[in-house]
Every structure is written in C-alpha cells, then in structure tokens.
Amino acid sequence: MANSMLSKSLALLAGASALALPMTASAHRQWLLPVATNYSDEDPWASVDAAISNDLFFPDHFPLQLGQIKVTAPDGTPGKIEHGVTARYRSSFDVHLTQPGTWKIGTEGFNVMGSFKVDGVEKRVGRRPGPPAGAMGPGAPGGPGGEGRGPGGEGRGPGGPGGEGRPQLETVALDAIPANATDLKLTEAISRNEIFVTRGAPTDGLLKPTGKGLEFAPVTHPDDLVANEPGKFRFLIDGKPAKGLKLTVIPGGKRYRDAEGGYDVITDANGLATVKWTGAGMYWMTITATDNHPATPRATERRMTYTATVEVMAP
Amino acid sequence: MKPSSLLAPVLALAPASAMAGSISIDLPRLNVAEYHRPYVAIWVEGAGIQPRTIAVWYDADHRGDPGTKWLSDLRGWWRVAGRNIGTPPSGMSGATRAPGHHTIPLPADLKPGAYTLKVEAARETGGRELVSVPFTMPKTGGKAAGTGEIGAVAVTLP
C-alpha cells in the first residue's frame with residue numbers, strides 16, 4: 001500500500017518536474033562549434049562544426065546547412081567558408097582568417113508565422129515546406145537546402161508530434177494574406193546564432209550594437225573568457241537595456257555527465273548578464289525576448305532569439 | 001628533436017652590472033618517450049605597468065614554418081601580452097632551450113615597487129605550467145618552483 005502510494009507520488013513528481021523543465025531542455029538546438037577561438041598563427045584557419053541536436057555538442061540529429069552560414073571579417077566585409085562538407089549529422093568547414101582581429105560566423109533568420117481566418121476557415125502563415133523567397137527577409141541566406149528549418153533552435157516547424165488527426169491547415173505566404181482576413185495572429189521571429197574567432201588581439205568592430213532588435217553587447221569580449229572570471233554580457237533591445245531576460249547557459253559535454261548542468265542568468269536593470277562558469281570548456285548560451293514591436297505590417301508579436309557558443313579557457 | 005639541437009647555444013651569461021637583477025629558470029629533464037623542448041614565456045606584471053614580456057623561447061623556424069601557431073598554448077601570456085605583440089620581435093624572442101639552468105637579466109629599468117615574475121611553459125605532447133614569483137624592486141627578490149614543466153624559478157636582486 002505504502003509502496004503504491006510512494007510510486008504514485010513519484011510519478012506525480014516526475015510529471016511535475018518534466019513540466020518545470022525549461023523548454024530548451026527538450027528542444028533541438030542549433031549550434032556552431034569552433035575548434036578554438038584564439039589563434040596565434042600568422043596564417044590561421046578556424047575549423048568549425050555545425051549541427052542541430054539535443055545534446056551539446058553531440059551531433060546525432062541533423063547537420064546545419066552550409067548555405068545558412070555567413071562569415072564576417074573584422075573590418076565588416078564578408079568572409080567565406082571553405083572546405084565545407086555536410087555529413088549525415090553535422091557540417092564542417094574552415095574559415096581562413098586572412099585579417100587580424102575578431103571574426104563573426106553564424107546564421108541569421110527572419111520569419112513570420114501565425115494564422116488567420118478567411119470566411120471562417122483557419123489558415124496558416126509561415127514556412128512549412130518550401131517557404132516563398134519573400135518570406136525570408138534580409139539577412140536570411142537560406143539558400144539551397146534551407147530545408148524549411150528555422151535557425152532558432154527548433155528542429156521542426158509548428159505542429160510537431162501529437163498533431164495526428166488534426167486537419168492539415170492550408171499554409172499561405174505572408175504577402176498572400178487576403179484583405180478580408182480576420183483573427184490575424186502574426187509573429188515575427190528573428191534569430192541569430194553566432195561564434196567569434198580571433199586572430200591575434202580581439203577587436204570589437206563586429207560587436208557594436210546597431211540599435212535594432214535583440215543584440216549581444218558584451219562587456220567581456222567573447223574571445224577573452226577565463227573560467228575564474230565571470231563573463232559579462234549586455235543585451236539590448238532596439239538599443240535599450242534588455243532587463244529581466246533569462247540567459248540560458250549550457251556547458252558542452254553532457255554525454256560525460258549525469259546531468260546537463262545548464263543554468264539561467266537573469267539580466268539586470270542594465271541588461272547585463274553576469275555569467276559564472278563551472279569550468280573551462282565550450283558553452284552554448286541562448287536568450288529570447290518577446291514584445292509587441294514587430295516591424296512586419298499586421299504582425300502583433302516579435303520574438304527575438306540570440307544564441308552563441310563561447311570558449312572559456314582555463315586560468 | 002634531432003641530436004644537433006643539443007648543440008643549441010646556452011645563453012652566454014653577460015656579466016651582470018652591479019645594479020641589475022637576474023632571473024633564473026630551471027627546465028627539468030623529463031623522462032618521456034617523445035620529448036620536445038617547451039615553449040616558454042617570461043614576463044613581469046605589477047606596479048602599475050602593462051604586462052611586460054621579457055623573453056619568449058619558441059620554435060621560430062619550425063622546419064621553415066614560423067612556429068607562431070603554438071604561441072597561444074602559452075595561454076596566460078598570450079592573453080595578457082602575446083596577442084598584443086604579434087610575432088615576438090627578435091629582441092625578446094629566442095630559440096627553445098634544452099633542459100637545465102638558464103639565467104637571463106631582469107630589465108634594469110624597472111621602477112621601485114611590487115611585481116610578479118611569471119614563467120609559463122607549454123610543451124608539445126606534454127603539459128603546461130605557470131609559475132609566479134613575487135618580488136619587490138629594488139631590494140627583495142623571490143623564488144618559487146613548478147611541479148611539472150618548470151623547476152625552480154628565482155629573481156635575484158643585488
């Protein structure tokens with residue numbers, strides 16, 4: 001009797017804790033992983049893996065498509081990926097660091113999704129197989145093989161598992177929403193996922209805020225992180241401090257631990273997240289903000305996600 | 001390492017002037033299957049100065065390749081000084097050194113004050129170690145020792 005009571009409450013507990021897990025705990029994560037972030041070589045190449053998977057940095061699900069990846073040299077000019085290969089579970093490529101300073105490598109995504117009704121019939125707006133080119137907006141290279149996957153970290157579009165039996169809604173492009181549409185619910189989703197690699201001394205030319213959307217404005221340079229010093233990262237929304245946001249920090253290598261070991265850091269009134277590291281290694285960090293200031297006409301919500309992989313050195 | 005490298009010159013000990021101090025560093029002889037001489041950085045911090053590199057011993061001609069690729073393995077030095085210097089100028093750089101006792105002069109122009117001498121070594125297929133030796137100009141030297149890559153380190157002041 002007591003036993004069955006116990007197992008029942010354990011089951012309840014398990015259920016409760018599953019619900020309490022942060023959403024990211026089960027989401028597929030998009031990540032880029034440089035072999036190293038600081039280079040002393042006079043003619044260095046940075047090697048990078050990129051994939052989408054649950055565990056960091058354990059590629060077992062899907063490769064990141066090379067066409068999505070953009071390289072920016074320290075002076076702001078476009079760089080390029082070389083020796084790119086897309087394997088079953090991950091992509092790999094090199095970036096020739098032809099200029100000294102800090103380079104940025106990453107993806108940018110812009111997407112509008114949601115739903116509306118026309119003549120009482122609900123329809124969907126968004127990607128789904130083969131988004132129209134116009135729906136991707138600037139800064140979303142997409143390119144061939146975009147696979148309809150958002151760079152935000154979700155592996156799949158809305159719906160997901162458990163949708164069986166529901167009628168398939170017609171999906172239309174953003175610019176094809178009819179004038180007589182009602183119940184319009186549109187969310188603008190903007191995401192960036194970046195790494196920084198440095199040849200010689202770090203520079204901050206690529207870290208200057210533009211005043212648009214959710215931005216990473218680090219106080220501690222992302223290529224100057226050491227395990228015994230906290231990383232200080234500011235986040236801004238439209239140039240103003242992003243207060244009270246939750247930055248989720250996850251060390252790589254869960255495969256060799258029992259627990260994932262991730263933790264959340266809340267930004268203060270100045271938008272500053274002060275991150276203490278649990279040791280040297282590669283960390284994946286992500287932060288999301290939602291507000292009602294979308295730039296897209298008729299959209300009601302803006303969801304902004306910033307993700308970065310950083311390397312923390314031993315002291 | 002080829003046997004010929006054993007013939008690498010041992011630093012000629014310049015007779016120290018009466019006022020100058022010196023730094024001595026022991027590089028231990030390690031009984032390992034594959035030994036390469038360590039990269040070593042020697043610098044001074046403190047007394048309101050920027051970290052000041054005194055010497056970098058590295059493989060500047062690695063079979064025709066500038067051996068700068070591994071300078072960042074001296075991660076402490078690389079962070080505070082190396083990456084701002086770029087390729088170490090010939091005045092402060094020198095070839096890697098064999099195990100043994102090495103003595104180099106302390107810069108004669110250090111102003112009175114508290115400093116820390118840092119000696120960092122990183123070895124191909126081996127480990128990395130950092131030894132710190134506090135000292136005070138102009139009178140009080142200091143010593144410390146590493147446990148693996150670096151032996152005894154001393155700052156001797158006249």
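Where is A:Asp238 found in chain A? I looked this up at the start. A:Asp238 sits in the loop between β15 (231–237) and β16 (240–241) of chain A. Strands here are DSSP runs of E with at least two residues, helices are runs of H or I with at least four, and both are numbered from the N terminus.

**Basis.** I am working on a predicted model, where local features need pLDDT of at least 70, side-chain atom pairs count only at pLDDT 80 or more, and totals for chains, interfaces and linings use all residues. Residues are numbered from 1 along each chain as its sequence is written, chains are lettered from A and ligands numbered from 1 in the order in which they are written, and side-chain values use heavy atoms, with hydrogens and water left out.

**Entry: backbone phi.** A:Asp238 is not a glycine, yet its phi is positive, about 50°. Its relative accessibility is 30%, so I noted A:Asp238 as partly exposed. The cut-offs are under 20% relative accessible area for buried, over 50% for exposed, and partly exposed in between, with a 1.4 Å probe and protein chains only.

I then turned to A:Asp183. This non-glycine residue also has a positive phi of about 50°. A:Asp183 belongs to strand β12 (residues 182–199) of chain A. I noted A:Asp183 as partly exposed because its relative accessibility is 47%.

**Entry: cis peptides.** I looked at omega next. In chain A, the bond between A:Leu56 and A:Phe57 is cis, with omega about -5°. A:Phe57 is in the loop between β3 (45–53) and β4 (62–63) of chain A. In chain B, B:Met137 and B:Pro138 are joined by a cis peptide bond with omega about 10°. I placed B:Pro138 in the loop between β7 (128–137) and β8 (142–145) of chain B.

**Entry: the A–B interface.** I found 15 residues from chain A and 13 residues from chain B in the contact (heavy atoms within 4.5 Å). The buried area is about 1100 Å², and carbon and sulfur atoms give 41% of it. That area is the accessible area (1.4 Å probe) that the two parts lose on being put together, summed over both.

Which side chains meet in a salt bridge at 2.5 Å, N to O? B:Arg79 and A:Asp224 do. By class, the chain A side that touches chain B has 7 nonpolar, 3 polar and 5 charged residues. Nonpolar covers Ala, Val, Leu, Ile, Met, Phe, Trp, Tyr, Cys and Pro; charged covers Asp, Glu, Lys and Arg; the others, Gly among them, count as polar.

Methods. Salt bridge = Lys/Arg side-chain N within 4 Å of Asp/Glu carboxyl O.
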